[in-house]
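I opened my notebook to write down, step by step, what I could look up in this structure.

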Amino acid sequence: MMNLQSQPRYGLHGTLNIPGDKSISHRALIIGALSHGTTHLEHFLQAEDCLSTLSALQALGVPITHEKETVTIHGQGLTGLTAPKHTLNMGNSGTTTRLLTGVLAGQTFTTTLIGDSSLSQRPMERVRHPLNQMGAHINLTAGHLPMTISGQNLRAITYQMPVASAQVKSAIILGALQAQGPSTIVELLPTRDHTERLLQIFGADIQIAQDKRTITIQPQPQLAAQDLIIPGDMSSAAFFITAASIVPNSHIKLTKINLNPTRTGLLSVLKRMGGNIHLTALGQMAGEPVGDIDVKAATLKPIQLTATDIPAIIDELPLVALLAASANGISKISGASELRVKETDRIACITSELQKLGINIKELPDGFLIDGRTAWSVRNQQLDSHKDHRIGMMLAIAALKIAAPLKLNHASAINISYPTFFQDLQELLTKETSS
Ligand SMILES: O=C(O)C1=C[C@@H](OP(=O)(O)O)[C@@H](O)[C@H](O)C1
Ligand SMILES: C=C(OP(=O)(O)O)C(=O)O
């Protein structure tokens, strides 16, 4: 049990450089491994999920060295991976599992993927189905891990996606690179496009139609190694953006954050709620628009979110619940049933944990209803991340609104995506209030 920091007297202050983007760190490793030449990454996210991708690629015969945030990948080309000597452990990472399935679907050997107890309950049929249509042989255990992938010569595919998922889209793209003709994917809704952007930088021919939902992939590219600096992770910045918005007197600045529009749903939502945010564009890093974000505390209005709003804010919805619980009215989040198949059932966990703080939140099948006008009052001081990193960090931010001491069970789950979270939070709580 970890003690959480309670209500700070003077709010959050200061400037913070946020660790590298998790989604891009995974993809840069994978695409670097499939390229020719040596790829160098700076500001790589050293968190458990990205290290699962790194170790899996090493086990597939890719020499990778890693010194803090700097990574060197000796690319083996699209056909240069080798059979691993053991099953590959994906840990807690859905991104590692689904993206590597796309890569392994077209290799010349068989691989078995396993994961921790949470990952072993997450749906994998969504990647098996399109890749099997391309000719891969993939066996699941009742729809889940363990999964055995027997790589084959892949056929091109035209695939209409039944779910809005960047992981599934990326798995198909990575399979399509190894196919015998051009493939087309039509997304249900546009999702994060880091795979497409990075592949274009490494030299692949990926066309995105004007509707932003139709992607055409030319097969068998010669990918060329790159030197990249990974931008700060918007999904990590989101914890402090939320904290500074809801804790009175706060004023913070977060630097070099990825402002890719497929990831900035929280900023749009906060603007609609009356948040006090100011962006300064800084150009591009790793093919992504980046900028500084200045946030001050604000009086918030309630919000209504529906399915089309969800992909750009999917990992930040636990924080939207906190914003809504601090707003002066009733908010409704719907169309977010994907939250039920993340590291935990996030709809159930958010609801039960926030109810411990007296927050007026009601679970819906695909979201929640929150009345921010009800005063928060602690009913249970023992909070629990349920071993879900984003739930744990969201609860640490919620604690900043509360005077009573709170404890967090399973706090180490935050190492999945943000091992320096508590240090960074502390930095914003100890800065002078000069800003
Ligand atoms: O592609 C990615 O890097 C991710 C996509 C999203 O998952 P889905 O594709 O399952 O929606 C997101 O929730 C996850 O944290 C990272
Ligand atoms: C859902 C997440 O990650 P993954 O799917 O890669 O486990 C997350 O980081 O919130």
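The entries below follow the order in which I looked things up.

**Entry 1, the model.** I noted before anything else that this is a predicted model.

**Entry 2, the shell around ligand 1.** I listed the residues around ligand 1 and found Ser23, Gly94, Thr95, Ser165, Ala166, Gln167, Ser170, Arg192, Ile314, Asp315 and Glu338. Sorted by class, these residues divide into two nonpolar, six polar and three charged. I then asked which helix gives the largest share of this shell. It is H5, with three residues, and I wrote down that helix H3 (94-104) and helix H5 (166-176) each supply at least two residues. On the level of domains, at least three residues of the shell come from domain 1 (2-20 + 231-430) and at least three from domain 2 (22-226).

Around ligand 2 I found Asp49, Ser93, Gly94, Thr95, Asp315, Lys342, Glu343, Arg390 and Ser417. This shell has five charged and four polar residues, and no nonpolar ones.

Asp315 sits in the loop between strand E18 (304-305) and helix H9 (317-325). Is Asp315 buried or exposed? I counted 23 C-beta neighbours inside 10 Å, and a residue with 20 or more is buried, so Asp315 counts as buried.

I followed up Lys22, which has its place in helix H1 (residues 22-33). With 24 C-beta neighbours inside 10 Å, Lys22 counts as buried.

I traced an open sheet with the order E1-E23-E22 and found its pairing to be mixed. Strand E1 (2-4) and strand E22 (382-384) each have a single partner strand, so they stand at the edges and one side of each is left without a neighbour in the sheet. Neighbouring strands here are turned by 40° against each other on average, direction ignored. E1 and strand E23 (residues 406-409) run antiparallel and are joined by three bridges, with Asn3 opposite Lys407 in E23.

Which strands are joined to strand E21 (residues 367-371) was my last point to look up. Four bridges link E21 to strand E19 (residues 330-333), and the two run antiparallel; within this pair, Ile333 has Phe368 as its bridge partner. Strand E20 (residues 360-364) also runs antiparallel to E21, with five bridges between them, and Lys362 stands opposite Leu369. I noted finally that E20 and E21 form a hairpin, with two residues between the strands.

Note on methods: Residues are numbered from 1 along each chain as its sequence is written. Chains are lettered from A and ligands numbered from 1 in the order in which they are written. This is a predicted model: local features need pLDDT of at least 70, side-chain atom pairs count only at pLDDT 80 or more; totals for chains, interfaces and linings use all residues. A residue is near a molecule or strand if its C-beta atom, placed from the backbone, lies within 6 Å of it. Ala, Val, Leu, Ile, Met, Phe, Trp, Tyr, Cys and Pro count as nonpolar, Asp, Glu, Lys and Arg as charged, and the others, Gly among them, as polar. Two strands pair if DSSP finds at least two bridges between them. Axes are lines fitted to C-alpha atoms, for helices over the stretch in contact, and angles run from 0 to 180 degrees between N-to-C directions. A residue is buried if 20 or more other C-beta atoms lie within 10 Å of its own, exposed if 12 or fewer, and partly exposed in between; C-beta atoms are placed from the backbone. Domain bounds come from an automatic or database domain assignment.
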